[in-house]
Amino acid sequence: MRSFEEEKTDIAEIDRSVYDIKDKVDAGYTVQNGLTREIVEEISRTKNDPEWMREFRLKALEIYNGLDVPTWGPDLSGLNMEDITTYIRPKTDMQMDWDDVPDYIKNTFDRLGIPEAEKSSLAGVGAQYDSEVVYHNVREEVAAQGVVYTDMESALTGEYADMVKEHFMKLLKPGDHKFNALHGAVWSGGSFVYVPPGVHVDIPLQSYFRLNAPGAGQFEHTLIIVDKGAYLHFIEGCSAPKYNVANLHAGCVELYVQEGARLRYSTIENWSKNMYNLNSKRAMVQKDGIMEWVSGSFGSHTSYLYPMSILKGENSRMEFTGITFAGNGQNLDTGAKVVHAAPNTKSHISTKSISRDGGVSTFRSSVSILPQAKGSKTATSCESLMLDSRSRSDTIPVMDIQTDDADVGHEAKIGRISNEAIFYLMSRGLSEEDAKAMIVGGFAEPIAKELPMEYAVEMNNLIHLEMIGSIG
Amino acid sequence: MNIENVNRLPAITWRHLKINDTIIENLPESIEKNNFSTFSSVSGITCTDQVNTLSAIETGMGKAAEDYVTANANVVNHFQITQSTKDPVFLSYSMSNKLSAVVSSQEIVTEAGTEVSFLFDYNSCDDSSVFHAGTTKIHAKSGSLVKLIYVQTLNDISLSWENLGIQLDDDARVEVTQILLGSKRALSGIKAKLAGNKSNFKLNCVYFGTEEQNIDLNFVSDHFGCDTNTDIVVEGALAGSAVKTLRSTVDFKSGAKRSVGRESEDVLLFSPTVRNRTVPLILCAEEDVEGQHAASVGKIDHDKLFYLQSRGLSELDAKKLLLEAKFSSAVEQIPNEDIQNRVRAYLERSVDANADNF
């Protein structure tokens with residue numbers, strides 16, 4: 001029999017049934033497990049890389065072999081690269097029409113609502129299944145504005161090959177950490193976006209990443225360049241069915257926000273709970289540019305995720321809004337980094353985290369104001385909600401201020417759902433469950449309102465839960 | 001010799017930030033072993049030179065710093081408080097080329113229900129480079145109260161550290177005030193273990209870093225008991241090319257129900273070449289707690305300046321006044337008027353010397 005203490009904080013598990021439907025693994029091509037020079041060369045050959053990319057991959061492999069696994073964050077001992085398949089090509093080429101995508105893959109994306117979303121509210125969609133992009137399309141009127149939205153492989157050899165070469169892994173270098181090096185060696189798939197100067201893409205582009213095969217890794221590369229005065233909202237979604245073996249996601253996202261441009265990058269991460277999500281994201285923001293991150297972390301067994309912004313140009317700014325929900329068996333280490341490298345730059349980091357049923361949530365951040373960044377301002381706010389005492393919630397922020405002409409604010413709070421708030425709402429006529437749902441929903445509301453409508457609904461579904469007796 | 005892993009964060013972060021811990025370099029290999037204790041007998045307090053009773057209590061700066069002091073101590077005191085004392089226990093070291101190194105290993109044990117105050121004062125009386133390293137361990141038994149005021153006004157070529165380890169039993173209260181004004185390299189580490197229910201730890205640390213000073217602080221409060229309370233307030237100012245690193249942690253262990261931990265920091269910056277680093281951790285394994293951190297770093301508030309100038313003060317005098325106000329509550333805690341005056345004079349000299357930056 002469960003104790004009252006257990007009962008009262010019981011907030012139900014997120015319903016993952018739609019994400020957990022597994023397709024039969026029927027790959028067109030698979031490399032051996034593990035990571036060797038031969039495997040890297042095989043991937044490069046299979047993907048018809050240009051020579052510079054083949055050399056880049058091999059150099060990254062060398063760096064990978066020389067770097068240690070990080071030990072400052074969550075435990076990674078359950079991840080054995082010898083067991084990971086780094087490249088699995090599905091039995092299809094990339095299509096531009098959903099009807100041409102094989103049924104078993106199409107059905108998966110249908111269940112996730114991707115084609116429907118494309119019709120109703122997106123300017124373009126990319127869909128990656130295991131290691132390769134299986135579908136990419138962009139609305140005609142958006143393409144007519146000169147917006148390029150394509151898979152990385154096509155970009156690597158197409159009209160924008162030089163631009164890709166100039167920017168590829170220049171922000172996120174293989175030497176930054178072991179999993180960036182791994183990415184450099186075995187990357188496959190992902191999207192390339194170029195928004196020409198002054199173009200305002202009114203509705204978002206979206207890429208969706210699905211990892212179906214057990215024991216596989218996904219290493220997609222996203223490169224976005226928003227040119228002077230342009231605007232883009234890019235949405236990234238990810239999911240996978242749950243297996244009993246470790247899966248690995250080590251993608252890289254490189255974002256270039258040019259002078260006066262604005263980029264909003266939204267992510268709803270809902271990987272399965274056997275996933276090691278070791279993803280890297282970085283943005284370089286030029287003069288008067290604006291970078292906005294909206295990040296929801298719900299899935300994965302273990303996450304290391306800290307989108308970084310380098311405010312390189314004067315008056316550039318960054319906003320980061322994030323929510324992390326860590327449940328049973330999850331250790332989610334998330335946060336943000338920002339470097340103020342120019343005068344009058346501004347950053348604002350606002351995060352919420354919820355820990356329940358033994359989940360571990362860590363907010364980790366780094367805010368650096370360099371000596372030349374006179375007149376800069378930064379504010380960080382992180383709030384954590386503990387739903388029981390089997391869980392953990394830690395905040396580990398770092399501030400490094402190297403000029404006197406800066407305005408720095410930081411606040412952090414940790415606590416629980418108060419009995420008083422529940423009782424108050426119940427005294428106003430709400431049921432206990434509704435009261436708890438309202439409080440948790442209210443806690444997450446500042447994040448939800450930053451998301452596109454359909455994602456806000458999905459997030460609310462994820463955290464608007466069966467709150468059986470959840471007085472804290 | 002060097003000591004590594006000093007002032008280490010209880011939960012580390014990215015290594016490239018080089019903030020997880022620090023290193024103390026160029027320490028004297030050996031120290032003159034005479035016992036320089038300046039304690040005079042006080043009723044209700046027994047003092048011996050046996051300091052091995054509190055070895056299980058961990059310190060803020062860590063084992064390596066403790067071991068150095070243990071091996072080199074020339075001041076060794078174990079204080080047992082059996083009755084409450086009204087007057088503070090006053091240990092003052094005026095350091096010079098004749099007393100160039102004080103390495104103190106001290107223990108304070110307060111019996112149940114007793115109250116005691118200690119004032120540790122380290123100052124320079126000439127321009128010679130001096131060295132102070134101290135370990136102080138405190139066991140505050142049930143319902144007892146310990147007030148510890150530490151004043152460090154050594155000259156700006158010296159090296160000093162004070163390393164505290166504190167254990168609090170039920171209803172015990174420990175209040176620490178630290179005033180760190182001197183030394184080229186000044187370090188402080190405090191680890192408080194709130195083991196007993198309703199135990200209470202309060203820390204007020206103030207510093208003024210000038211010229212090439214490097215100040216490195218690590219404060220950790222571990223909540224084990226129920227209804228425990230931590231209040232850490234750090235206030236400081238940096239001028240010249242001073243560097244300050246503050247690591248401050250409130251750690252709620254599972255079972256520390258209804259506990260409250262607050263950390264706050266306010267830093268004024270007076271020079272474009274200062275560097276202020278802060279890592280305020282809240283670690284939490286208990287649902288029924290309240291943890292808060294707030295930090296504010298920047299220049300003097302223009303509204304306050306404007307108000308004072310509108311009352312007739314020059315801009316420089318207004319800034320001086322606001323700076324002095326920052327230190328005043330800590331200075332008023334010093335239970336000795338002479339030392340209060342000395343600290344005020346030291347502050348004034350520092351302020352005047354850095355007025356060009358203001």
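User: Which residue stands opposite Val408(A) in S19(B)?

Analyst: That's Val297(B). Keep in mind that this is a predicted model: local features need pLDDT of at least 70, side-chain atom pairs count only at pLDDT 80 or more, and totals for chains, interfaces and linings use all residues. Residues are numbered from 1 along each chain as its sequence is written, while chains are lettered from A and ligands numbered from 1 in the order in which they are written.

User: What makes strand S25 of chain A and S19(B) a pair?

Analyst: Pairing takes at least two DSSP bridges. S25(A), residues 406–415, and S19(B) share 7 bridges in the antiparallel sense, so they qualify. Strands here are DSSP runs of E (at least two residues), helices runs of H or I (at least four), numbered from the N terminus.

User: Which elements give two or more residues to the side of chain B that touches chain A?

Analyst: The contact (C-beta atoms, placed from the backbone, within 7 Å) takes 37 residues from chain B and 35 from chain A. On the chain B side, the elements are S18 (275–284) and S19 (289–298), with S18(B) giving the most, 10 residues.

User: Why is S8(B) called mostly covered?

Analyst: A residue is buried if 20 or more other C-beta atoms lie within 10 Å of its own, exposed if 12 or fewer, and partly exposed in between, with C-beta atoms placed from the backbone. By that count 10 of 10 residues in S8(B) are buried. Both ways of pointing are included: Phe131(B) and Lys137(B) are among those on one side, His132(B) and Ile138(B) among those on the other. S8(B) also runs parallel to S6(B), with 10 bridges, and parallel to S10(B), again with 10 bridges.

User: How do you know that the buried residues of H1(B) line one face of the helix?

Analyst: The buried ones in H1(B), residues 63–72, are Ala65(B), Glu66(B), Tyr68(B) and Val69(B). Down the axis they fall within an arc of 160 degrees, so one face it is; the arc uses directions from the helix axis to the C-beta atoms. The face turned away carries exposed Asp67(B) and Ala71(B). The buried residues of H1(B) pack against S1, S6, S8 and S10 of chain B.

User: Which residues touch the most other members of the largest nonpolar core?

Analyst: Val193(A), Val226(A), Val257(A) and Val174(B), out of 219 residues. Such a core joins buried Ala, Val, Leu, Ile, Met, Phe, Trp, Tyr and Cys through C-beta atoms within 7 Å.

Definitions and conventions:
Contact = placed C-beta atoms within 7 Å.
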